[in-house]
Each structure stands twice: as structure tokens, then as C-alpha cells.
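Please open the structure in your viewer and keep the selection tool at hand. The stops below are to be visited in order.

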Amino acid sequence: MDLFDNRPISDVSSDLTIDVGAASFALHKFPLVSKSGRIRKMLMEAKDSKALRLNLHNLPGGSEAFELAAKFCYGVNVEINLTNVAKLRCASHFLEMTDEFSDKSLETRTETYLKETVLQNITNSISVLHHCESLLPVSEEIGLVARIITAIANNACKEQLTCGLSKLESNYPSKPVLQLESENWWGKSLTVLSLEFFKRVLTAVKTKGLKQDMIARILMNYAHNSLQGLFLRDPQLVKGSFSDLESQKKHRVIVEVIVGLLPTQSRKSTVPMAFLSSLLKSSIMASISTACRSDLERRIGLQLDQAILEDILIPANSNGNAHSQLYDTDSIFRIFSIFLNLDEDDDDDDNLMRDESEMVYDFDTPSSPKQSSILKVSKLLDCFLAEIAIDSNLPSSKFIALAELLPDHARLVNDGLYRAVDIFLKVHPNLKDSERYRLCKTIDCQKLSQEACSHAAQNERLPVQMAVQVLYFEQIRLRNAMNGGHNHLFFGSLNTQFPQRSSSGAGSGCISPRDNYASVRRENRELKLEVTRMRMRLTDLEKDHVSMKQELVKSHPANKLFRSLTKKLGKLNTLFKFKDVRGVGSRPSSESRFLFQKRRRNSIA
């Protein structure tokens, strides 16, 4: 039955016209007065009782809601569903269609549907809550919004408890994960809500005790739907993402709200590093508040040992400046400083949950958990330095500040840092000698591998002082190797224990088994080559030793004595020849030959 065509709802001519928005309804007084207290009051206050025309422009739900309410007044069976229940509930309140004026009122019917169908189901509640957004402020005044939000929080926690109990009973740990990945997961339905309603729902479920990993998943899902244009990996695409200031303001508000709803800061937070990094990149483009940005930087700093290179490549906000840096090195400096300045008191939860076996570690040893995290972070920083070194607009002072940030024990091998410095020198050929020297001073030549030392000794971009230093330490290394000793200052033997990550720029905090195997094979080849070189070197040294011994024999004083004795013996031999009866030219006797040889041997000895 169509009520928009000005025809009365029955054959009796209409005696009442009601305007709702742009629509007009030709109706009858009696059905409406018997069900609606508001229309009854308006008719009683009307001056002209013959041709009445009422205006209901403020009716929540507009003409659609009034049409359904009018049908209900005429006794037509109105189907209540998830789409119209909020409209009918607000319209019944506005029109005062309560049990005070009639039995089985519209208010009673909508309340029954809400209790039996809506409030018992999370997805249904979210759907109705979404429709309440267009019914403000009436939906708020009657408490419908608050009731639905409370029901969502209660049902979410009940579902969490049920999943936990079923997990204990069936001992099937993958069940909750399957629930999260299901297409019918209620957390995905929250994306239809406005930011304000979403914030209220998340605050309610957090207060009720919903797990932090679930909250993190909900936030990630909502952020990816609300910030699709900002969750980009390429910094060149991120720049200039906003078409106007209004769009930038909208995204800034969304990012700030999401950051404010993140779970508690922790070194073992359930929020993935990739999500935090995306939020930070979005926050820079949206120019969010300093406090919000500092919160994100601290969260990333707490979990920095879980990051990969892509996570810390934060694009700088150029603001139209063609000579700006590619990456925000100031932000990265603060993030690494946060990680390096962590104390045990920074995370009370971790202190309570720390295993006893972890307490016996010496935190300065490579096998300790803290030291292993620092080693990961040091490799990450070296990869980052190699990546930003190609930026021609990056000043050397910022590069040096990042290179000097780590403590001495953080880098077992300085090959990654050397590579980054070499790239920076190649991209910045016009550096002053003082800057070049200070830049190379960040490298510990004693921690360079054999391959890096060989490269550095022939590198023309390095200052002469560093080349001499590299050659000096390389000579000490060879001397120790020839003596059969191993100097603990050189870490070539430690490369197998702590294989260095590939410096391709795509490194991560963790090495995959395939990369680890390849690294071990590479290290084995390098060690074999090193042994071959040492053997060749030892062979050359043996030849030099023989040559030096021969030289020593030639120049020894005993050699001169031997020559003088030979001359004297030669004179005696001529005397013997004269006394010999056989005359001149005859050979000496065997006895005289033996005597001569014996004396000769004694003279040499």
C-alpha cells in the first residue's frame, strides 16, 4: 500500500494531512490518535479542526519510518527486521506510540525484537548500531546506542570465554585462530561503523577484558579499510597522497583515534611491527600531533628487534621541497635510542613473566637474550645506513649520528657499516677531508673481515689514515695466523657463529633457514680460500728463511777462519811435497791425505 500518492489509506476521505520532509500523507485522525500520543496532543492544540495539516519534519527516520508507523496504526502487519528496527524504535518514541495509549504498541514490538534478535548476536547488534548513526540524537536519548554497545562488549567476552573453555576441553589450540580467520568473524563487521561509534565499541570491549590480540586484529582491520590510500610501501607514492586539507584532517583524526586505542605498550606486544610502521608512515603524511607520533615511535622502539628493513624506511614529509631527504632519519634515530635505552623496569609485565633460565644470562655475552636482540638491531641499522646512503640530500652529520648510535659490543663484524660508509662516500664525492675522516672513524678496522680488509686496502675513496690502519691490522692478523694463535680482536672466526646478513637492503631481524645455509656455505668457501692463502704465504716464508740462512753462513766470521786455515795448510802441503822421495808431482800418501782431511774437519768445527 503506497502512502506517498496523497490518496487516503482507506475508502473514507482523509481528514488529516501530515508532512514529513518532502512527502505528504493523506490520513485519518482516528487510527493515528488511537496509537500515537504525540499526534493526539498536536490535534488537541490545533485551532482549525476542519482542514488539519500537521508537520513532523523532525521525525527520526524521515518519511520511511513514518510510513511504517502509519501502517502499524492502521493495523497493517509491519515486518520488523535489522534494517528498520532502529527507525521504528526511534519513531515510536518520537510519536509516543507506547503501551500508555494502546496495548501491543509499536514500542513494545520493537523492544521485543531487539531483546530476542539483536542484543543476543554481535553481528546483528553491529548492523543495528550502524543504522543508529543516522537517527541521532534520538537513538542516543532513548539509550538504544548505549544498550547495543554494552551488548556487543558482553557477547564478545562471552564468546572469548567459550572459546577458551572449548580449547581446554578439546585441547585444540587452532580453534580460536580459525574463528578469527572466518569470513563471519564479527570483528570485520565493525568497519561499517563511524569513527566515533567504533571508538566507543572498542573502549567498551577493552573495559570488559577482551584480549589484546583480538583488539589489535580489530584495529588493523578497521585501519586498512579506513586508511586504504595511506597504507602504501613506496615512499614516492605516499608523498602527496592528500588532495586537499579536508582529506588530510580526516585521516589525521582516524590515525590519532586508532593509535589511542592500541593495546598497552609492551616489548611483547601483540600489535605487529608492520602495522605500527604503516601507522607511523601514515601519521607523518597526515601531520598528526607530536604526542601521538611519539607514542608510535616508542611502540616501535620497544619491538625493534622484530622489525625488518622495510618497517623502518619511514619517508620524510617533503612539503613540496625538492631537496628534502628521502627518509625521516630523525624519527629512526629516536626509535633506535628508545630500544638502546630500555631498562628492565620499562616493562613490568615482562619482569613478572621472565623465565628463571633467562635470569642467569650475562647480558654482555652473545648468547644472552638482550645481546642477541642488540645484534639483530645492529644488522638492521647497518642495512638502513646502506639504504639511506644513496640519498644525495642526506647530510653527513645525520649519517654519522646514526652510525655512532650503537655501543661497541653491538657489532661483531663491521662489514655492514663499512659497506654503508663506502656507498655514502661514493654518492657524496665532494665531502671535506675532515668529514670523510670522521665518517670513516665510525668503522672499527679490527672488526673487518678478510674480504672487507682487502677491499678497504685498495679503496681510493677512503682516507690514507684508514688504509694504513687496515694494512697494519691485517699484518697483525697474518702474523698471529702464522704463529698459530688467534687474536680475539679479530672476528673472522666468529662469522660462522654469527653469519652476517646479506647486505642487499632487504634484510630482516631474522635469517631464514635457506639464507642461513647459503651464508654458512659462503663462510666455508671463504675459510678454505683463507687457508690456501696462508699455506702459500707460509711456503714463501720458508723460502725466505732458507735464503736468509745462506746469507748468514756467507757472512759468518768462522767462514773467514776457514779460508785462512786453508791457505796455511796449502803451504804445508808444498813442504811435504819437497820432502817426498817420489819427487815433485807425485800424489801424497794415504796417511798424509787422511791427516789432512781430519785436521780440515776439526778446523770447520
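Select Asp328 and Arg293: in this predicted model, the two form a salt bridge, with the closest N and O atoms 2.3 Å apart. Asp328 lies in the loop between helix H16 (309-312) and H17, and Arg293 in helix H15, so the pair ties together parts that are 35 residues apart in sequence. Asp328 is buried, because its relative accessible area is 11%, and buried means under 20%.

Because they are 4 residues apart in helix H15 (residues 290-302), about one helical turn separates them. Glu297 counts as buried, at 3% relative accessibility.

Is Arg334 buried or partly exposed? At 35% relative accessibility, Arg334 counts as partly exposed.

Remain in helix H17 (residues 329-340) and select Ser337. A polar atom of the Ser337 side chain lies 2.7 Å from the backbone oxygen of Phe333. Ser337 is buried, with a relative accessible area of 16%.

Finally, turn to the largest nonpolar core, which has 141 residues. Ile18, Phe66, Leu304 and Phe399 touch the most other members. Helix H20 (residues 369-388) supplies the largest share of this core, 9 residues. Select Phe66 to see its contacts, among them Ile18, Val20, Phe25 and Leu95.

Note on methods:
Residues numbered from 1 in each chain as written. Predicted model: local features only at pLDDT ≥ 70, side-chain atom pairs only at ≥ 80, totals over all residues. Heavy atoms only, no water. Core = buried A, V, L, I, M, F, W, Y, C linked by side-chain atoms within 4.5 Å. Buried < 20%, exposed > 50% of the residue type's maximum accessible area, 1.4 Å probe, protein only. Helix = DSSP H or I, 4+ residues; strand = E, 2+ residues; numbered from the N terminus. Contact = heavy atoms within 4.5 Å. Polar contact = N/O pair within 3.5 Å; in protein donor to acceptor, adjacent residues only side chain to side chain. Salt bridge = Lys/Arg side-chain N within 4 Å of Asp/Glu carboxyl O. Lists of a residue's contacts leave out its neighbours within four places in sequence.
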